[in-house]
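Grab a pencil and work through these exercises one by one. Try each task yourself before you read its solution.

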Amino acid sequence: MTRTEEGFERLAPPRRGEWRSLFHEPAQTFEDYVAGAPNRPGATRKAFVLQPLGDVAGPILDRMVDYAAAFFGLEARRDPARPLFEKAYVGTRGQYNSSMILGDLAERAPADAVVYLGVAGVDLFARGKKFVFGESSLEGRAGVFSLARLEGSERRALKLLTHEAGHLLSLAHCVTHRCVMQGSNGLEESDRHPLHLCPEDLRKLEWACGVVRRERYRKLEAFYRALGWDEDAHWIAART
Ligand SMILES: [Zn+2]
Ligand SMILES: [Zn+2]
């Protein structure tokens, strides 16, 4: 194990039913990432903008903004809530089509947003899937995720937030390490995923957003401590 790999775990082959057993996605190396002209902050587009959709309220939204700022090293804010895109509602399913919401958001993205991420409280689906936790474009800067299936867990909400925002910064699913960018078929699977980025994805983030590892880890450690997430704080502290 190299020094930079310390504390990180490589993935074993997937169990039956896990995301990687169903979707055979290639690994995205750092070199692939850089060569792919990823979406990253620039002179005008540099803000992380959380967009509440419909009736999502509460301190969780502020927490999300603080977490995004620490995690991605971006200036972050939340914009005033917008109504849900009603054309995306499919009555026979009782769900909203995430791809349509995403399309609507892409048209409305603020000029200064490098990440424009909608958060909804309603159940979402995408073509061919019974439900989705979220959907984000790897090329564009708009995405959406839902709290509907997270059973009120703040940890799950924050994990999903960074996963989707990671996609908006052009990070693909991680297939090599235990990592927040791993794909997931359901709560049982995503609950096994960690909050952190693996070394390869961390390198991408540092390159894309110009974050300094030590500084970022300090902020995250403080964030986790404030929430009483001592195990996460501990893991971070051991990396700095
Ligand atoms: Zn994903
Ligand atoms: Zn990873």
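**Exercise 1: Neighbours in a sheet**

Solution: Start with the pair itself: G118 stands opposite V144, a residue of β8. Keep in mind that you're looking at a predicted model.

Next, look at the two strands. β5 covers residues 113-120, and its partner here, β8, covers residues 142-146. They pair in the parallel sense, over five bridges.

Now turn to β1, residues 47-53, which also runs parallel to β5, with seven bridges joining the two. On this side, L53 stands opposite A120 in β5.

Finally, β1 has another parallel partner: four bridges join it to β2, residues 75-78. Here L50 has R78 as its bridge partner.

**Exercise 2: Buried or exposed strands?**

Task: Are the residues of β5 and β1 mostly covered or mostly open?

Solution: Residues under 20% relative accessible area count as buried. For β5, eight of its eight residues are buried. For β1, the count is seven of seven.

Then sort the side chains of β1 by direction. A47, V49, Q51 and L53 point one way, while F48, L50 and P52 point the other way. Both groups are buried.

**Exercise 3: The zinc site**

Task: Which residues coordinate the zinc ion (ligand 2), and what geometry does the site have?

Solution: First, list the donors. C174, C179 and C198 each use their SG atom, and D201 uses OD. The distances run from 2.1 to 2.3 Å.

Second, check the angles. Among the four donor atoms they are 96 to 118 degrees. Four donors count as tetrahedral if all angles lie between 85 and 135 degrees, so that's the label here.

Third, read the spacing along the sequence: C-x4-C-x18-C-x2-D. C174 sits in the loop between α5 and α6, and C198 in the loop between α6 and α7, so this pair ties together parts that are 24 residues apart in sequence. Both C174 and C198 are buried.

**Exercise 4: The largest pocket**

Task: How many residues line the largest pocket, and which element gives the most to the lining?

Solution: Begin with the volume, which is about 740 Å³. The lining has 37 residues, and W19, G134, E164, H173 and S184 lie nearest the centre.

Go on to the elements. β7 (134-136), α5 and α6 are the ones that give two or more residues to the lining. Of the elements, α5 gives the most, with six residues.

Note on methods
Residues are numbered from 1 along each chain as its sequence is written. Chains are lettered from A and ligands numbered from 1 in the order in which they are written. This is a predicted model: local features need pLDDT of at least 70, side-chain atom pairs count only at pLDDT 80 or more; totals for chains, interfaces and linings use all residues. Side-chain values use heavy atoms; hydrogens and water are left out. Donors are N, O and S atoms within 2.8 Å of the metal (3.2 Å for Na, K and Ca); water is not among the atoms, so sites may look incomplete. Four donors count as tetrahedral if all angles lie between 85 and 135 degrees; four count as square planar and six as octahedral if opposite donors are over 155 degrees apart and all others between 65 and 115; anything else is irregular. Buried means under 20% relative accessible area, exposed over 50%, partly exposed in between (1.4 Å probe, protein chains only). On a 1 Å grid over the protein atoms alone, a cavity is a set of points where a 1.4 Å probe fits but cannot get out, and a pocket is an open set with protein on both sides within 12 Å along at least five of seven lines; lining residues have an atom within 4 Å of a point. Grid points are joined across faces, edges and corners, and a volume is the space filled by probe spheres set on the points. Two strands pair if DSSP finds at least two bridges between them.
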